[in-house]
Amino acid sequence: MHLMKWLYPGIGFKRWLFAFALGTICVSLGVALVFNYQYLDAIEEAIFRFVYTWQGSYDYMFTAIAGAGLFVVGSILMLVAMRRVIRAIITALMPEGASARLVDLVYEKTRLSRGPTVAVIGGGHGLSVLLRGIKELTSNVTAIVTVADDGGSSGRLREELGIIPPGDLRNCLVALADTEPLMEKLFQHRFEGRSDLAGHSFGNLFLAAMAEVTGDMETALKESSKVLAVKGRVLPASKESVRLDAILEDGTVVEGESHIPEVPGRIRSVRLFPADAAPVASALEAIRTADAIVLGPGSLYTSIMPNLLIRGVAEELRKSRALKIYICNVMTQPGETDGYTASMHAEAILKHAGRGSIDFMLVNNAPISPALREKYAAQGIYPVRVDEDAINALGIGFVGADIVNQSDAVRHDPDKLSRNIMRMIYDFRVQ
């Protein structure tokens with residue numbers, strides 16, 4: 001029965017139902033004391049006289065059954081009455097139809113609030129994929145998002161308004177949101193045509209406006225989270241405007257995140273300008289207090305690395321006693337990781353963030369279909385080869401699992417990915 005869900009373990013309802021019952025008893029006793037016991041005695045005497053007259057003799061079994069029946073009826077009335085009161089209040093505060101699934105919402109919120117505390121570091125579409133799945137398993141999640149994007153709508157708003165790029169932040173907000181489909185479509189809607197709005201998404205413009213109204217992007221994200229009913233938090237790694245540069249093996253310097261994949265040549269390292277960009281304090285606190293810290297998934301050099309180069313982030317990551325997991329990309333990325341193996345991805349992170357920044361590496365071990373391999377090979381993209389011995393030689397644990405969706409492209413699957421991440425947290429984290 002739907003009504004019985006209120007009595008499920010962990011929902012925190014039974015204790016208040018008991019308190020309500022205890023209060024009812026106290027009120028009843030108080031009324032009896034005020035108006036004298038003689039009235040209660042009269043009622044009790046009338047009941048016993050009825051039983052005696054009806055049966056010819058007193059039968060304790062009858063009164064016991066009658067008492068148990070009254071107790072059950074009273075309990076049901078209390079439960080229904082309390083539920084109706086709560087529903088009346090919630091109906092006035094929540095969207096239409098939400099009260100019909102009130103017990104499910106309460107139970108889900110209670111369950112998610114008891115999940116592990118997870119800090120996820122990255123950017124791009126890969127990060128939003130993970131968030132879309134992990135929000136179903138815990139609401140104690142903080143996304144720490146790169147602010148180095150300088151292309152597309154985000155780049156234009158960054159240049160014209162002097163704000164940090166909102167695109168990746170918007171994607172993470174939508175991924176963590178518990179909103180109606182129409183609201184998600186609205187935030188992801190991109191204007192067409194030839195006007196000045198062409199190419200901009202509504203969500204980017206909304207965040208830009210909120211940043212101007214509230215004073216900064218961190219506050220804008222906090223207030224926007226209320227609109228979208230976000231499960232968790234979305235934070236920028238820094239509130240400063242930064243530029244990501246790549247230094248290639250031949251010494252060539254490529255300036256700007258959007259230009260890095262366009263220049264041929266293997267990347268030796270990346271750097272931020274300014275080099276001492278200040279972190280968001282709450283982002284450092286999220287790393288410091290997390291049960292688990294997840295890097296990726298996402299572009300190695302342009303989505304994950306910029307966060308680790310913000311002042312203090314890599315240091316907090318190394319010092320943290322949380323379980324540190326790196327999610328390796330499934331396919332190589334032209335202009336960034338051509339020819340990279342899994343261990344080379346991890347080695348690049350250790351080079352920039354230092355030893356101790358990764359405990360375990362999660363890699364895909366499901367075979368890629370021949371049709372998709374051929375499709376990607378035509379673009380110079382190949383599955384990342386998993387060299388387990390080399391990974392272990394770096395002092396990093398290795399976990400292989402099927403974490404992809406291969407319906408029309410090779411993508412991380414949000415449900416598979418989040419379930420494996422949570423399994424690793426429960427299996428490997430230090431208590």
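Trainee: Which residues of helix α6 are buried?

Mentor: In this predicted model, helix α6 spans residues 152–161, and its buried residues are Ser153, Ser154, Gly155, Leu157 and Arg158. Those buried residues pack against α7 (167–176), α9 (202–214) and β4 (243–248). After α6 comes Gly162, with a positive phi near 70 degrees.

Trainee: Why is Cys172 called buried?

Mentor: Cys172 has a relative accessible area of 0%. Buried means under 20%, so Cys172 is buried.

Trainee: What makes Cys328 buried?

Mentor: The relative accessible area of Cys328 is 1%. This value is set against the cut-off of under 20%, and therefore Cys328 counts as buried.

Trainee: How many disulfides are there?

Mentor: A disulfide is a covalent bond between the sulfur atoms of two cysteines. The rule asks for a pair of cysteine sulfur atoms within 2.5 Å, and by this rule the count is zero.

Trainee: Which residues have the most contacts inside the largest nonpolar core?

Mentor: They are Leu131 and Leu362, in a core of 107 residues. Leaving aside residues up to four places away in sequence, Leu362 touches several residues, among them Ile325, Cys328, Val399 and Met424.

Trainee: Why is Ile25 called partly exposed?

Mentor: Ile25 has 46% relative accessibility. Buried means under 20% and exposed means over 50%, with partly exposed in between; therefore Ile25 counts as partly exposed. Ile25 lies in helix α1, residues 14–35.

Trainee: Which residues make the nonpolar surface patch of about 410 Å²?

Mentor: Ile25 makes this patch together with Phe18, Leu22 and Leu29.

Note on methods. Residues are numbered from 1 along each chain as its sequence is written. This is a predicted model: local features need pLDDT of at least 70, side-chain atom pairs count only at pLDDT 80 or more; totals for chains, interfaces and linings use all residues. Side-chain values use heavy atoms; hydrogens and water are left out. Patches are made of residues with over 30% relative accessible area and no salt bridge: like charges are joined within 9 Å, nonpolar side chains (Val, Leu, Ile, Met, Phe, Trp, Tyr) within 5 Å. Accessible areas come from the Shrake-Rupley method with a 1.4 Å probe; for residues, only the protein chains shown count as cover. A salt bridge is a side-chain nitrogen of Lys or Arg within 4 Å of a carboxyl oxygen of Asp or Glu. Helices (H or I, at least four residues) and strands (E, at least two) are DSSP runs, numbered from the N terminus. Buried means under 20% relative accessible area, exposed over 50%, partly exposed in between (1.4 Å probe, protein chains only). Contact means heavy atoms within 4.5 Å. A nonpolar core is a set of buried Ala, Val, Leu, Ile, Met, Phe, Trp, Tyr and Cys residues joined through side-chain atoms within 4.5 Å.
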